[in-house]
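Reader: I've just opened this one and I'm new to it. Could you walk me through a few of its helices?

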Amino acid sequence: MDKYGNDRLNRLIDFIRKQGLIVNTKTKARGHQGFFSNGRIDISKNIPDGRIVPTLLHEFSHYIHSKMELSIAKTGGSLSVLFNNPEYMSEIFEELVNVTHFVDENSLHKKLSYHKEQIKKKIKELDIEIKKEYPQFQRSKNFKELEKLVRKTNAKYLLKYDRVKIKGWFFQCPKIISIDTIEQDFPDLKPSIIAFIRLKSYQKKQNRVSQRINKLNKYYERPTELFARFVEGVYIDEEKIKELAPKSFERFYELLNENYYGELKMLLKYAKEY
């Protein structure tokens with residue numbers, strides 16, 4: 001028995017090793033639950049026992065895919081190859097995204113989405129504050145009247161940075177100004193100007209969060225990742241996956257039974273016995 005205390009898990013790992021792969025369960029897997037690269041599968045030593053088999057299946061799916069398409073780490077592969085050119089590719093993509101959301105809750109970006117909504121609310125509040133004095137203000141456009149007023153003071157640095165260290169002249173000490181202490185740092189600024197500076201800061205935060213979500217979506221929607229999580233899902237809850245992705249499910253088993261995915265058929269069989 002291995003450290004997980006299960007002979008069948010040992011047999012599962014032995015089967016993968018017999019395919020010529022190195023399987024290592026004593027690494028940190030580059031900060032992931034698992035990682036596949038160049039004929040090696042790493043499973044993190046820190047993941048719960050219940051995640052070991054799904055992670056093995058996930059990484060072995062990458063291995064199978066890498067034999068079908070070269071350089072999947074760079075290109076992400078293609079669903080047309082993975083599902084052998086079905087006519088309903090767009091439907092398969094949508095189904096696999098739904099499966100990904102079921103298998104990996106992190107793909108929903110709940111914390112980031114909540115943070116983005118809070119930022120949007122704050123932007124609206126600041127927009128209302130500015131319009132009390134400047135009703136013609138539009139946050140989607142440059143507003144030169146307010147920008148000119150800000151640029152007459154050192155608060156202009158806060159249009160680009162949230163915290164700035166300003167060097168003192170001669171024997172003056174350097175001064176740190178911050179978006180969080182703008183009222184204290186610039187007591188003479190009108191509330192509308194302060195709101196304008198803060199709005200610009202929140203807009204930058206909104207852009208950063210959006211970029212982060214887009215980057216994560218790009219990762220989760222890579223064909224090789226969609227396929228690997230689909231295989232995970234088939235192991236975790238086959239009936240649920242059939243419900244979420246009927247066309248993908250049917251096509252997958254059709255190809256699986258034709259040995260289109262090679263050794264994956266036998267590995268799935270062994271995994272379900274685990």
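**Helices and their neighbours**

Author: Happy to, and keep in mind that this is a predicted model.

Reader: How far apart are the end C-alpha atoms of H12?

Author: H12 has 12 residues, 246-257, and at 1.5 Å a residue they should span 16 Å. The model agrees with that, because the end C-alpha atoms are apart by 17 Å.

Reader: Are H1 and H2 roughly parallel or roughly antiparallel?

Author: The axes of H1 (residues 7-18) and H2 (residues 52-68) come within 11 Å and cross at roughly 10°. Angles under 35 degrees count as roughly parallel. So H1 and H2 are roughly parallel.

Reader: How many residues in the contact of H1 with H2 are nonpolar?

Author: H1 brings Leu-9, Leu-12, Ile-13 and Ile-16, while H2 brings Ile-52, Val-53, Leu-56 and Phe-60. The contact has no polar and no charged residues, and its nonpolar count is 8.

Reader: And H6 with H9: roughly parallel or roughly antiparallel?

Author: H6 (residues 110-131) and H9 (residues 191-220) pack with axes 9 Å apart, at an angle of about 155°. Angles over 145 degrees count as roughly antiparallel. So H6 is, relative to H9, roughly antiparallel.

Technical notes:
Residues numbered from 1 in each chain as written. Predicted model: local features only at pLDDT ≥ 70, side-chain atom pairs only at ≥ 80, totals over all residues. Heavy atoms only, no water. Helix = DSSP H or I, 4+ residues; strand = E, 2+ residues; numbered from the N terminus. Expected span 1.5 Å × (residues − 1). Axes fitted to C-alpha atoms, helices over the stretch in contact; angles between N-to-C directions. Parallel < 35°, antiparallel > 145°, perpendicular 65-115°, else oblique. Contact = heavy atoms within 4.5 Å. Nonpolar A, V, L, I, M, F, W, Y, C, P; charged D, E, K, R; others polar.
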